[in-house]
Structure formats: structure tokens, C-alpha cells
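Subject: Structure for your review

Dear colleague,

Please find the structure below, handed over for your use. My findings follow directly after it.

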Amino acid sequence: MNAIAAVSANWGIGLGNDLLFHISEDMKRFRALTSGGTVIMGRKTLESMPGGKPLPKRRNIVITRNPAFVREGVEAAHSVEEALSLTAGDDPDHVWVIGGGEIYAALVPYCRMCCLTHVDAAPACDVFFPRLSDMANWRLLRAEPPASDGGLSYRFVDYVNTAL
């Protein structure tokens, strides 16, 4: 399993149930990496998507505490363990954790890689990605040269979990 996110300079990922950044190349990378695979997210992340609908061309698993949660095109999991069991037969390279903050915090320890877009800005935020640079078992595997979009400087970076 892997995780994917766009993070600010202080590892922020969201504010008010919305993304901090809308970078065209980041969205293209997200689609390219996750299409045809499985995405795992929290209910609030699902609700933040256009129309609250699941992502097309992907198997959508939503972790929720609500036992009555039902949404067309979504498989509900009521715990991290249940989400992990739902993906047990999937190719781990095609299972992606896509948010939000609580889901990242719970599932990043199970991830082999985190594909991040590091944005050189620190806007106000209320949701954060785990600070991999401070974690002993996470190493920077690859960092692309900086790019820019709409005045924002960013770079694609991949971290690998050396404990797995």
C-alpha cells in the first residue's frame, strides 16, 4: 500500500475540508498513479469530492465510524483493520491512501511508499500529513527538480518506509 498527498511546507494538507492546493500537474500525477487501483479514504474526504461521489476508474473504500453509511460505488470499512482486510488480495502497489489526516495517520505505518507533492508555501491549515522527515523509518527515495504553477513552487518527492 502507498499514500499520496500534496503537502505544504509545514506538512499541512487541508483547511475546512478542502485541499490547500490545486496544481494541475499534481492532479495529473494523482490520476496517473491511482487510476485502475484501489483508493482508501475517510468519509469527509469522500464528501469533499465533487458531488460527494467516489473517484471513477478506481475501487473506493471509505473508512467511517457510521455503521449505517452507504454510498453507491463505495465499499464501507468501519475500522483500519477492516480496510486492510478488504485490500488483502490487491496488488499493494495499486492501493492508495488518499486522506484525510486521521486516515493518513492510521495507515501510513502500513504504507511502503508515500508519493508527495511538497509545495513551498505554508497557508493556514487544520489537517496535516504525518511528518515523514522526522520519522526514523522513512527515507527520501527521490526528489524531482522544483517546478511551478500559478506562482506556487513545488516538487514531487517519494519517501520509502524502510521498516517494511
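Asn 2 itself belongs to strand E1, which covers residues 2-7. Its relative accessibility is 5%, so Asn 2 counts as buried, the cut-off for that class being under 20%. Please bear in mind that this is a predicted model.

As background, most peptide bonds are trans, and most residues other than glycine have a negative phi.

The peptide bond between Gly 99 and Gly 100 is cis, with omega at about 0°. Gly 100 sits in the loop that runs between strand E7 (95-99) and helix H4 (101-107).

A positive phi occurs at Trp 11, which is not a glycine; the value is about 70°. Lys 57, likewise not a glycine, has a positive phi of about 60°. Trp 11 is located in the loop between E1 and strand E2 (12-15), whereas Lys 57 is located in the loop between helix H2 (43-48) and strand E5 (59-63). Are these two residues buried or exposed? Trp 11 has a relative accessibility of 5% and therefore counts as buried. Lys 57, at 71% relative accessibility, counts as exposed, since that class begins over 50%.

Trp 11 also takes part in the aromatic contacts. Four aromatic pairs are found in a search of the whole structure. One of them joins Trp 11 and Phe 129, with 6.4 Å from centre to centre and 25° between the planes, and this pair is stacked. Because Trp 11 lies in the loop between E1 and E2, and Phe 129 in the loop between strand E9 (127-128) and strand E10 (138-143), the pair ties together parts that are 118 residues apart in sequence. The two partners, Trp 11 and Phe 129, are both buried. They also belong to one aromatic cluster, whose other members are Tyr 104 and Tyr 159.

In short, Trp 11 brings together a positive phi, a buried position and a stacked pair with Phe 129.

Yours sincerely

Notes. Residues are numbered from 1 along each chain as its sequence is written. This is a predicted model: local features need pLDDT of at least 70, side-chain atom pairs count only at pLDDT 80 or more; totals for chains, interfaces and linings use all residues. Side-chain values use heavy atoms; hydrogens and water are left out. Helices (H or I, at least four residues) and strands (E, at least two) are DSSP runs, numbered from the N terminus. Buried means under 20% relative accessible area, exposed over 50%, partly exposed in between (1.4 Å probe, protein chains only). Rings of Phe, Tyr and Trp (its six-membered ring) pair if their centres lie within 6.5 Å; planes under 30 degrees apart count as stacked, over 60 as edge-to-face and the rest as tilted.
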